[in-house]
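Biologist: Please take a close look at the aromatic rings in this predicted model. I would like to know how they pair and where the paired residues sit.

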Amino acid sequence: MIYLNLSEENFEYDVRGLLTSFYPGAEITLSGAEHLLPGDRCLEVECEETQIRVRLRSKQKNGESAPGVSDDTLQQQVREASAPAVSDRKTAKSVLKRLVYELLSEDTKKTLPWGTLTGIRPTKISMAMLEEGASEEAIVSYMEETYLTSREKIDLSIEIAKREREVLRNIDYQDGYSLYIGIPFCPTTCLYCSFTSYPISKWAPRMEEYLEALFQEIDDTKEAFAHKKLNTIYIGGGTPTTITADQLDRLFTKVEESFDFTYLQEWTVEAGRPDSVTEEKLQVLKKHPITRISINPQTMKAETLKLIGRKHSPEQIEEAYRLARSVGLDNINMDLIMGLPEETASDVRLTMEKLYAMAPDSITVHSLAVKRAARLNTMKELYAHLKFENTGEMMALTADYCRRLGLNPYYLYRQKNMAGNFENVGYARPGKEGIYNILIMEEKQTIVACGAGSVSKRVYPDGRIERSENVKDIDLYLARIDEMIERKQRLFCRQ
């Protein structure tokens, strides 16, 4: 148990993020601890006018004790750190996080690859400094001193920021926009999944209703953005290829007939689940001007696939990939997840060997992040016996194989509760990068989203961002489609 006692509630998010990174899986409660039990910790944070003070209390054994000795032999250990208070909140937060980091690092005898960085996209720091004319040495110095970030991760963030600038050089932020279309259906729901996704077996009989509502949103977007330049399209989910070949064809035709493709640089379609892929559906994808698809193994270990709720084999992954190549699709991404249950570095090496043989055009390496809505969280007692581990060795293995394939890192993001406190990295051959992936992370361009659970994002010239969310529940989405459209109309000032 970790007890957290804060004099300033505003700092809870950042402090909690560090606690979960140093003590993964620990329960954190907002209160003081009058009677600590062995193994418990209590972190006390005081922000006064003149001083910031952090105290970590724990109960430790006073040397080796014989069996049966009472808890009286346990002594409370207290670690403290303090610094002068500062006037602005941003600097105060940075100072506080350093103090907390140093205490937790001393207590656990470990460091974090990204240091105190929580809730910040690392490439945004490097990108902003590069755009201001800062040298790479200045970026390294700043991130080491401010965030205690490792040199390896700083170098990665700089490399990716430079590549992002090159990939996005022709994107129109002022008059351009991107389009997201959500198909929130899957063959099954994976153990770790928190996305809006529903079983296709239940919703297939009502798919025409869903497409009809979706087409209404597309029609409104066509009208609202007729004067804008469409730069990228991303059809995701869920798994779009769970719907029939005919339904896919009608959806793609609707998109083609609705928008001007003069400025289009990328059209991605997720074909993530191999058990949803057929040659007929791939022929439909090839028939339309789709430039990029994803076929996502997550792992090539059969036992893990079964454990996480995927009803397909590694051989089906290889067959789906072979079929996609056979119909002429020449930009294929494959997603992997590090930190899946019971997987080891040997399992990761096996997966990478198989992907190396297939030679996809890009590989996206995710670090497992268990979110609130995932079954791993809502039913955690059923999976408490499983081992989840992501290590530097595993991440290094994926990076090495990707670079040997000629794939360079081109985008990176982090989120809460990532296994091993690592990151998600996209690797791609030059010219095969996922442009939409960068745009959704860097938040520099307006994104119009259609479909249940999708989120539209308006980016203003001054960098301010406003959002409009569609409801996730399919029944509600179908019943309230006019309201979903009206929400976007308000967001984009059409009412």
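Modeller: Tyrosine 210 has 1% relative accessibility, so this residue counts as buried, the cut-off being under 20%. Tyrosine 477 is at 0% relative accessibility and therefore counts as buried too. The ring centres of tyrosine 210 and tyrosine 477 are 5.4 Å apart and their planes stand at 40 degrees, so this pair is tilted; stacked would need planes under 30 degrees apart, and edge-to-face over 60. Tyrosine 210 belongs to helix α7 (residues 207-224) and tyrosine 477 to helix α16 (residues 474-479), so the pair ties together parts that are 267 residues apart in sequence.

A search of the whole structure gives 15 aromatic pairs. Another of them joins tyrosine 180 and tyrosine 234: the centres lie 6.2 Å apart with the planes at 15 degrees, so this pair is stacked. Here the partners come from strands, tyrosine 180 from β6 (residues 176-183) and tyrosine 234 from β9 (residues 229-237), so the parts tied together are 54 residues apart in sequence. Tyrosine 180 counts as buried because its relative accessibility is 17%. Tyrosine 234 counts as buried because its value is 9%.

Ring pairs also link Tyr177, Phe225 and Phe492 into a cluster.

Two other tyrosine rings have a charged residue over the face. Lysine 229 lies over tyrosine 263, at 4.9 Å from the ring centre. Arginine 404 lies over tyrosine 401, at 4.6 Å from the ring centre.

Definitions and conventions. Residues numbered from 1 in each chain as written. Predicted model: local features only at pLDDT ≥ 70, side-chain atom pairs only at ≥ 80, totals over all residues. Heavy atoms only, no water. Phe/Tyr/Trp six-rings, centres within 6.5 Å; stacked < 30°, edge-to-face > 60°. Helix = DSSP H or I, 4+ residues; strand = E, 2+ residues; numbered from the N terminus. Buried < 20%, exposed > 50% of the residue type's maximum accessible area, 1.4 Å probe, protein only. Lys NZ or Arg CZ within 6 Å of the ring centre and 35° of its normal.
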